[in-house]
Structure formats: C-alpha cells, structure tokens
Amino acid sequence: MKSPTQATPSGNAWKALIILIICIILTIAATLHTKNNIEARAKSEFALVCDEIEVKITTRLHAHAQLLRAGSAFFAASDTVTRTGWREFIKQAKIDENLPGIQGVGFSMIIPKNQLQRHIQTIRNEGFPNYTVKPAGEREIYTSIIYLEPFTDRNLRAFGYDMFSEPVRRKAVEISRDNDIAMLSGKALFVQETNQDVQPGALMYVPVYRNGMAVNTVEQRRSAIKGWVYSPYRMNDLMQGILGRWDKIQDERIHLQVYDDSISASSLLFDSQSNDTLNHDDSPSRQLSVPVEFNGKKWILYFSQPKEQLFYFDSKVIIVFIGGIIISFLLSGLILSLVNTKAKAIQIAKKLTAELKDSETKFKTVADFTYDWEYWEGNDRRLIYISPSCERISGYKPDEFLSDSKLLGKIVHPDDLKLWDNHFEKAHSLEHLSDIDEIEYRIIKKDGSLTFIGHLCRPVFDEKESYLGRRINSRDITARKLAENALAVSETRYRRLFESAKDGILILDAETGMIMDVNPFLIEMLGYSKEQFIEKAIWEIGFLHDVVANQDKFIELQQNEYVRYENLPLETFYGKRINVEFISNLYLVDNRKVIQCNIRDITERRLAEEALKNSESRSNALIEAIPDLMFTLNDEGIYLDFIGDKDSLAFQSQSIIGKRNRDIMPSEFADLVDEKIKLTFQTRQMQVFEYQLPLPAQGICDFEARMVPSSSDEVVVIVRNITDRKKTEAEIKLKNEELQKLNATKDKFFSIIAHDLKSPFNSIVGFSDLLVEQVKEKDYEGIGKYAGIILKSSWRALDLLTNLMEWTRSQTGRMEYNPEYFEMVAFLNELILSFDAIAGQKSIVIKKALPSNAAAFADKAMISTVMRNLISNAIKFTPIGGKITISAEEKESELLVTVSDSGVGISNNRIEKLFRIDESYSTAGTNNERGTGLGLILCKDFIEKHGGKIRVESEEGKGSTFRLTLPVKF
C-alpha cells in the first residue's frame, strides 16, 4: 500500500496542473498589472506635465504683469516720458531674453475729441508726417498707440491704432482702468498681422494715471486715467516663448489647446499641433481641462494625448507575459505555498520600484519645467543638479555649470561676490542648517549684461534627518529692481519738487487734520516758521480765521477727497492780505491717507486778469468798431471764428464755423487761401492779397485780405470790401488814359502847327520872294517853275488845314454825323476818276474790282475823306509803273471795301503806330511826297463812328492792303 502522505503520479500531475493553471493565471494577472502600471504612470506623467505647463503659463502672465507695472511706475516716476526714454527703458528690461514671445511693449494714450487734430500735428512734428489716428471716424474719445517697442516690422502697423475703436480691446482697458489691475483682453486679431503666419492674439493692459490725482474710487480712476502700458501677444509666439518645443514629435506627445473663456472653435487661441502632419486616432485616451485665472480673466488649457497603440505589445508587458509562462512551467512542480509567496514578493517589489521611479520622475520633471533657476548642492557644496532654466537667466547651459564647479561663483558681480560667499558659508555651516534670509545680488550673463537675482536656499535632509545639502532657487528680479529704482528716483524727484516748488504745499493727516510737512515756499509766502505749522491742525493756523467754516470744509474734503477755492483771502504773519488759489486732494501714502494742499498766490494774477479783462474790453470795442470782416482759420483752412455782418459773406446757406474753406468756396479761391496760409506760417509775416467773390444781391465784389499768424497753427484774416475803391481806381485810370490821349492830341496839334503847317508856308513865302525877282527880270521860265512850287506848297497846306479842321471837329464833337443810304459803287467810281491824273503822273494803274451796285448806310462826307486819304496814300507810296486795286464786297450786314497797292510796304513795328495820335508817323512817298500825319487817324475815327473797323496788312517791298467795313443797314 502507498503511504497516505505520498502523492500519486496522477495526484502530483493534478497538483502540478493546478499549480500551472494558477501560475498562468498569475502570469496573466501580472501582465495586466504591468499594463495597468504603465498606463497609470503615463497618466500620472500626463497630469504632471499638464500641471507644470499651467504653472509656467500662470507664472509668465504674472511676470508680464510685473513688467507692465514697472512700465506704469516709469510713467509715474517721470513728468514726461519721451520716445527715446521709453525705448531705453524697454531695452534695459531685455524682454527678448527674460520674457521671450512678447510682440512688444507699448503705451496708448487717451485723446479727447477736441484735441485730436493738435495731437496728430504734434506727432507729425516729431518726424512722422503720415501719422494719424486709425481707424478714421468721429468718436467722443480716442486712444492712440504712440510708443511700441521694438518699433520695427509688424509693430509699425499698430502705430496710431485706437484701442477704443474695437469692442474686445475696449472692454479690457476699461476693466483695467476701473479696477487698477493688469487685465487680459479676449481673443483679438492684431493690426500687425499680414497675409502670412496669421495668429490669434491677446493683449494685457496696465493703467497709467496722472501724477498727483486720487485713484481710490472708480470715478476718480476714470478722471485720472492718462493711458495704458500694454503688451500684445501673438499666441503661437507667446506659447513658443513660454514652453519652447516641449511636445516632441512622437506619437505619444501631448496636444495642448488654449481657449478664451469657453471651449469652442471661435474661442481657440492656440493649438500646439495645428501645423503638424502626424496622424492620430480621433478618440484620445487622455484629456484634461485646466482653467487659468488671471485677475478675473479665464483661459482654459485643454490637454489631450493620443491612445497608446496596444499596451499589450509593450516590451515590458511581453517580457512579463513570456517570463511568467516560462516561470509557470518551471514552478509547476514547486509547492503551491512557495509559488504564492514568491508571486506576492515579486508583486510587492515591482510596486515599490514603480512608485519610487514615479516619484523620482515627477520630482525631476517639476524641477526641469520650473520657471525659476533651480540647483542643488551636496553637503560638500558639489553641484548635483541644475535646471534648464539657468540658460534663460544666465546664458550658460546646465552642462557648463556641471563641468565647471567654480562657474557659479565666476558669474557673480565682483562687488557682490563677498555677499554671495558669506551667504553660502553660513548656509552650509552646521549651526545654520535651516532656512536663512533671502539675498539679492547681480550676475554677469554670458553676453556681458547684468541681471539681478533673488536668491533663496533651503537645507535638504533624508528620512534620518541627516544633512544632504541645499536646494537653491534663483529668480530673475531685474524688472522689479528697475521698478524699485524708478520709484526711488520718483520719490527723490518728488522731494526736490516739494522743496523747490513755487507754490505753497501743506501735507496733512487725513484723519486728524494735523500738519505733517510744509515746503519752504509757503513759509516764505506767509511768514510763519516751520515750527508754527508742524503738529498743528490746519484750522489752528492764524491765516485761516474762520475755524468752524474750515472744520466743515475739512469734513467735506474727507468725504469728497477734493476741495478747491478759486479765490481764498489769506492774511500773512505780518498782517498783509493776499488772494490765493487753494486746492486739496486726498490720496494714499504707504496705506495712510494724507491730504496735499497746494496754495498759490494769485494776487498779481488777479491784477493781471483785471488788466487783461479791461484790455479785452477795449479790444472788443475796437474790433466791433472796425467795419471789416475778421476770420480765424487753422492750418488746414477750417474756419474757427468770424466777426462781421453776415450779409457781407459770400457763403450764407449756413454757418461757416467748422467748415473747410475748400468745401464751400471755389477751388481757385481755396488754392489762393491755402497758399497764403502756408506762406504766413513759413515767413511769420503778414500776407496781403486781393480777390473777387460774388455777394448775394451785390454781384462780383473786390476784396483785400490781410493775413497774420496768431498762434502756431492759426491765422487771423481781416477782409475789406474794396469794390468802391476799385471802381474809383478804374475811373481814375480811365481819366488818366483820356488825359494822356488829350495830351498826345495837344502835342500832335502843336507839332502840326509848329512844323507841318509852318513848312509849306515857308516854301510859299520863300518862293514868292524868288518869284518877285524873276518877274523883275522877266524870267518867264523861272516864274513858271517857282509858281508851280508855290502851287504845290499851297495845295499841301490846304490838305493839311482841311485834315486838321476835320480832325479838330471830330475830337471836339462838333463834326456832325449824318448817315444816309447811297450807292457805293457809283460813289467809288466818281472818286477814283478824280485821282486818274495824279496816278497818271507816276504811270500807276488803278484797277477796280467792284460789283454792279452796292448800297451803304454812312456819312458820305466822312467816307469821302477816308477813301481820298487811302487812295492818296496808295499813290504816294507806290513807285512809278505800280498798281493799285480798289474792290468792294457785300457780306451779310456789312460792306467790305479794300484798297491794295504794290508799293514799298510797312514794317510790322510801324503798323501798330499808324492809327495812334501819340505816335507820330509820317514818311515821304516814292517821289518824296509829304503827308500830314493825320490822314489814317482820321480814317480810323470816321470808320469807328460808323461802327465799322479798319485794319491793315503789309509786307515790306510787296505793298499794303487796307480793309474797312461799313454797315449796309440802319
């Protein structure tokens, strides 16, 4: 028989099979447990990374707010911040190194509607001729980006942009203003964006209030607001600057999306994988939403990670599964209790190993992703670990510090090295193994620039309380130090202003009314000593006599935080009465309410105001007495004001105030005025000019304008209606011309009498004497010769006298004008016949080109004189054997008569003198014939009396043609 304790083969097989089955089950369980552990660790790492990213973003936003607060403090510390000063401030902040990803840091100022044009001109005068506030359009309040650094590339497009014109930005700046906080805007698209790499964005604003104004309530902050220091963030650039390339290109990488307020397609600000081409499962296995709260503004960070592909094929899972199967078969013969004990031990060991590894990974991940510079030293002061952020703060990489143990001390500024050495000696000494005070020192970065470091270190102990070393946190506090320095400068400047101010200043305790400080100017103004002011209530001072009234005013000041007296009578220590302007404001200083009272002696100003008022009254009376129009225009030709009778204005449909000259006046007049405005500003001298414009019911009027500059961008124009003066000048000019003509007539008359009339009579007298001698000598041949000469001279004198008499009658108006109808062709034939003998003496042929008949309506005697002069002149200036042509032609309502010759012709410069009395023109004929010089003048006068015209065409050496027109109808 078998022993009862001895297992049978079948029993052993059964037990072995049971153990094998149990081992396989345990193997499967271990495989599932390993798979679950891997997944749990992945989830833990996922959550840790998400938390670290949330910390980084939150920390960076607060760092940005600190930078903007420093910018606001810079404005508060300076009376005037220039473009150059702002550029230098941003340069010192080194935002590209300390806060990468910022598009820029700028300042936007508030512009009231009535100051818009002046503001635009001021910026243009700084060297930006195309500057304007955009977008265009009328609004009650404008803002404008006037500073933005770096002032290059995309940022140039934002210059002059009005934040109030866009609802998202306006909401953020108003919240920032009302609550005195750094405020993020909602999702926005920047004006800096181009057609390439368009990114959503957000902006952060910090308000800038006017110096010295209270900002304790919302209303006070709205009244005191000056503008905003702000930063625009292009989200892709910002997140790249905060995170770097943290999501490596692999299938398991984390996908980050940032949303504004809520998760929706329209509110998406950033997508870390928007430009990637990797394919992922549409259903991620892990998601996490983390809200980021910043002063009431919420961003939602949505993290997701793709589903791992078959955890079962992970190398660790496969090893556990195959190893478990093998172990199961190897252990199938062992005792079940030993198998169970060993399995539990393995399970516990794996769990502890996984927890320890997870703890180490989590701790190192936190350190690697921290924004500050972390490093750990052992108890031997050897560097054990240094975080990657050391490169952002110092410029040196972690490997450089780990390879050079003395590099940490080398980069400390020489002036701060002793402080740094003493701190670490104390920190590592056994009696100081605890937290010690934070220190601040400077380091020299790799690029040579300085950075301020806030340094804090803590001891590290193991579970047995053994000292292992120290953990050190180094924070870049450069921006804070700059703000502190600016604040110190501001306090110094305020004290200097307080001491040197030319107004009296009192500082009071807002609760008690006790005087805390008084400046030297007030002491000098009122004659009281400083001791008589300090630690006394304001109403106890001798110069404020009405104690009850002043106590009431003090209570009013506590309630309203502002009291103002326009004209407060005070009495000095010496009894002198003066008038002052008294202004009190309540504000906080180191969480203590104080009152600043500004006291200005306005005694002289009031006297000056009275004098000015009297002067203005006299000026207004003088202006009202002036009959001229007065206008005020700005440099753009816009009417600002006018004084004068509205009926004297050319534009009367409505008021001209606020209208542009070019919009209501003719373009020629507008061009003239714009030119004169430009010259006035360029020369700073008065411009005098004349112009014409139509007035209602008066027609075209003449004006004289005198334009002078009244300010840097305004001119005053005094306009006088000179229509009557112009008419008088025209009449005077006409009278002068008539007088000149009469003088010329007189000169011509005397010339003819003195010379032309005297000459033929001299010939007659002279040759008559010779004729008497010839008669005595009975020289009949000489008698005939001299008698002929006397005859010619007599006829010439007769012609001259005839023309002179006719011309005189014409000029004096005594010649009667008696027009009548007569037959012109018969008249011309008869007249031409009388010249045949004279023309025959020079063998000149007179040709006629006349119609069969032609009627004329004219004074026959005058036309006879005209034609006789024209034909006589043609014969006189045509050489022997020449030709004269006389023609007539009817044309509609006039008759054209032409006299042409083939004579010597007339030069062009002499043609103009033919018909002028003041230009005597008379030449000898081809046989030395003499003329009177009045013939053609008579012709012109007689033809013009008929309403006709006479003109001449001539060419030297080829002859002349005279054409005259006569009416054929009455």
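Let's start with helix 8, which covers residues 315-331 and holds Ile 318. Helices here (H or I, at least four residues) and strands (E, at least two) are DSSP runs, numbered from the N terminus. What we have is a predicted model: local features need pLDDT of at least 70, side-chain atom pairs count only at pLDDT 80 or more, and totals for chains, interfaces and linings use all residues. Residues are numbered from 1 along each chain as its sequence is written, and side-chain values use heavy atoms, with hydrogens and water left out.

**The whole protein**

- Of the 970 residues in the protein, 42% are buried. Buried means under 20% relative accessible area, exposed means over 50%, and partly exposed is in between (1.4 Å probe, protein chains only).
- The protein exposes about 53300 Å², and carbon and sulfur atoms supply 54% of that. Accessible areas come from the Shrake-Rupley method with a 1.4 Å probe; for residues, only the protein chains shown count as cover.
- Take the contacts between residues at least 6 apart in sequence: 59% of them join residues at least 24 apart. A contact means heavy atoms within 4.5 Å.

**Back to Ile 318**

- Ile 318 has 32% relative accessibility, so it counts as partly exposed.
- Ile 318 teams up with Ile 322 and Ile 326 in a nonpolar patch on the surface, and together they have about 240 Å² of accessible area.
- The patch rule takes residues with over 30% relative accessible area and no salt bridge, joining like charges within 9 Å and nonpolar side chains (Val, Leu, Ile, Met, Phe, Trp, Tyr) within 5 Å.

**Salt bridges**

- A salt bridge is a side-chain nitrogen of Lys or Arg within 4 Å of a carboxyl oxygen of Asp or Glu. By this rule the count is 39.
- Arg 170 and Glu 174 make one of them, with their closest N and O atoms 3.0 Å apart. Both residues lie in helix 5 (residues 167-179), four residues apart, or about one turn of the helix.
- Arg 170 counts as partly exposed because its relative accessibility is 33%. Glu 174 is also partly exposed, at 25% relative accessibility.
- Glu 219 and Arg 222 make another, with the closest N and O atoms 3.8 Å apart. This pair sits in helix 6 (residues 218-224), three residues apart, which is again about one turn of the helix.
- Glu 219 counts as exposed at 52% relative accessibility, while Arg 222 is partly exposed at 39%.
- Glu 581 and Arg 605 meet through their side chains in a salt bridge (4.0 Å, N to O). This one links distant parts of the chain, 24 residues apart: Glu 581 is in strand 18 (residues 577-589) and Arg 605 in helix 18 (residues 603-625).
- Glu 581 counts as buried because its relative accessibility is 10%, whereas Arg 605 is partly exposed at 33%.
- There is also a network: salt bridges that share partners join Glu 690, Glu 704, Arg 706, Arg 725, Lys 726 and Glu 729.

- Four strands make an open sheet with antiparallel pairing, in the order 7-6-9-8. Two strands pair if DSSP finds at least two bridges between them.
- Strand 7 (268-271) and strand 8 (286-294) are the edges, each pairing on one side only.
- From one strand to the next, the twist averages 20 degrees. Axes are lines fitted to C-alpha atoms (for helices, over the stretch in contact), and angles run from 0 to 180 degrees between N-to-C directions.
- Strand 6 (residues 255-260) and strand 9 (residues 297-305) run antiparallel, joined by six bridges. Val 258 stands opposite Leu 301 in strand 9.

**Strands 26, 28 and 29**

- Strand 26 (residues 845-849) runs parallel to strand 28 (residues 883-891), with five bridges joining them. Lys 848 has Ile 886 in strand 28 as its bridge partner.
- Strand 28 pairs with strand 29 (residues 894-901) in the antiparallel sense over eight bridges. Here Thr 885 has Ser 900 in strand 29 as its bridge partner.
- Strand 28 and strand 29 form a hairpin with two residues between them, and Glu 892 in the turn has a positive phi of about 45 degrees.

**Lys 876**

- Lys 876 belongs to helix 26 (residues 860-876). This lysine is buried, with a relative accessible area of 9%.
- The C-alpha atoms of Lys 876 and Gly 903 are 8.6 Å apart, with the two residues 27 apart along the chain.
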